Amino acid sequence: MNSTMLQYSSAERYAESFAKNFTIVFLGVVINCINGIFVFTFFKSSTFYNDPRYILYIHLVINDMLMVFITVVLFVMAYAWQNVPVPFCILLLITASATHKNTPLTLAGMAIERYIAICKPLHHSQICTVRRTYILISLIWGVGVMPALADLIVFLIFRSLSIFTSTFCSSANLYNTPYHELQSKLTHGLYTSAVWLILVFTYFRVLVTARRANTDKSSAKKAQSTILLHGIQLLLCMLSYITPLIDRIYTDVTPVMRSKVLFFNYLLTNLLPRLLSPLIYGVRDKHFLKSIKGIILCRFVIVKVEPTGNKLKK
């Protein structure tokens with residue numbers, strides 16, 4: 001009786017683990033394929049890669065694709081490979097942390113660019129150049145990777161001998177000193193506050209300008225919907241900051257539900273926000289949507305042309 005129950009329990013756990021991993025991998029592939037279409041469209045037209053707005057957008061998309069790939073790898077490794085060499089694990093965690101921080105920072109950069117374009121149109125071409133856009137992207141990566149490098153430095157100071165071992169690859173397991181916890185709280189609070197202040201200020205000014213400049217309400221409504229979608233996307237991204245707190249609460253209250261809570265937290269805070277970027281910037285943008293339709297039609301619609309020169313006159 002006990003052996004039968006144990007076998008059933010093992011089979012049930014295996015089925016649940018397989019279902020979670022299959023769902024995560026499938027969604028990751030779908031999201032990256034959708035985003036890949038936008039990346040392909042971007043590089044097919046010089047109109048896009050010479051426009052700072054679209055450069056920032058495609059950086060957001062590529063960053064999201066990299067983050068989805070790394071986090072899916074970490075998720076699968078949690079089930080399939082639980083003794084990961086520490087150097088390799090640190091490399092994955094640094095990349096995952098930097099790409100996660102880059103998302104709200106890029107949203108802030110895009111908000112500033114739209115603010116300049118709408119509120120200061122005469123200065124937009126001088127301020128928002130292609131060269132300065134790539135400098136901004138470099139700064140975003142520099143600022144985004146700083147917390148991960150700080151975690152690494154603290155790890156090397158207090159657990160330097162652990163670098164030669166293998167471990168379960170997760171930030172909570174590897175960076176578990178009080179200094180890591182303090183540094184995480186400070187950086188999360190700083191990043192969240194700064195990005196929200198930028199978004200609220202710039203888009204409020206864009207909304208006011210749009211209402212004053214147009215007799216119709218179309219621009220104002222578009223600005224309002226953009227603000228709402230930006231806020232939803234940023235809110236979903238910021239939910240990942242409270243994931244450790246939710247994990248701790250459910251571990252104390254219902255330890256059995258911990259794996260399910262972590263799974264839905266990952267879906268909500270890591271995968272779903274990456275579906276919003278194509279919706280907000282790609283599908284709603286007329287130029288991007290037109291280019292995508294043109295590429296799809298050219299690829300999949302075959303037009304048969306019959307030559308007329310060879311026809312015999314009767």
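Predicted model: local features only at pLDDT ≥ 70, side-chain atom pairs only at ≥ 80, totals over all residues.
A charge sits over a ring if NZ of Lys or CZ of Arg is within 6 Å of the ring centre and within 35 degrees of the ring normal. Arg53 and Tyr54 give an example here: the charged end of Arg53 sits over the ring of Tyr54, 5.6 Å from the ring centre.

Start with the overall layout. The protein has 12 helices and 2 strands. Along the sequence, these elements follow the pattern α-α-α-β-α-α-α-β-α-α-α-α-α-α. The chain has 314 residues, and buried residues make up 40% of them.

Two of the annotated spans can be set beside the model. Residues 134–158 are 100% helix and 0% strand, with end C-alpha atoms 37 Å apart. Residues 188–206 are also 100% helix and 0% strand. Their end C-alpha atoms lie 27 Å apart.

Now go to the start of the chain. Helix 1 covers residues 2–44, and Phe18 lies in it. Is Phe18 buried or exposed? Phe18 counts as exposed, because its relative accessibility is 52% and the cut-off for exposed is over 50%. Ring pairs join Phe18, Phe22 and Phe26 into a cluster. An α-helix has 3.6 residues a turn, so residues three or four places apart point the same way. Tyr79 is 61 residues away in sequence, yet the C-alpha atoms of Phe18 and Tyr79 are separated by 9.3 Å.

Next, look for charge pairs. Side chains of opposite charge can pair when their charged atoms come close. The count in this model is 1 salt bridge. Asp64 forms it with Arg274, and their closest N and O atoms are 3.4 Å apart. Which parts of the chain does this pair tie together? Asp64 lies in helix 3 (residues 52–80) and Arg274 in helix 11 (residues 258–283), so the bridge ties together parts that are 210 residues apart in sequence. Both Asp64 and Arg274 are buried.

Turn to the aromatic rings. The model has 10 aromatic pairs. One of them joins Trp81 and Phe88. Their ring centres are 6.0 Å apart and their planes meet at 35°, so this pair is tilted. Trp81 is partly exposed, with a relative accessible area of 39%. Phe88 is partly exposed too, at 36% relative accessibility. Phe155 and Tyr175 form another pair, and this one is edge-to-face. Here the centres are 6.2 Å apart, with 75° between the planes. Phe155 lies in helix 6 (residues 130–158), while Tyr175 lies in the loop between helix 7 (171–174) and helix 8 (178–213), so the pair ties together parts that are 20 residues apart in sequence. Phe155 and Tyr175 are both buried.

Where does helix 4 bend? The bend is at Thr103, by about 30°, and the proline Pro104 follows within four residues.

Two residues of helix 4 show what lies around it. Thr106 belongs to helix 4 and is buried, with a relative accessible area of 0%. Its C-alpha atom is separated by 9.0 Å from that of Leu136, 30 residues apart along the chain. Tyr115 is in helix 4 as well. Tyr115 is buried, with a relative accessible area of 13%. The C-alpha atoms of Tyr115 and Val206 are 5.9 Å apart, although 91 residues separate the two along the chain.

Definitions and conventions
Residues numbered from 1 in each chain as written. Heavy atoms only, no water. Salt bridge = Lys/Arg side-chain N within 4 Å of Asp/Glu carboxyl O. Buried < 20%, exposed > 50% of the residue type's maximum accessible area, 1.4 Å probe, protein only. Phe/Tyr/Trp six-rings, centres within 6.5 Å; stacked < 30°, edge-to-face > 60°. Bend = angle between axes of the 7 residues up to and from the residue.
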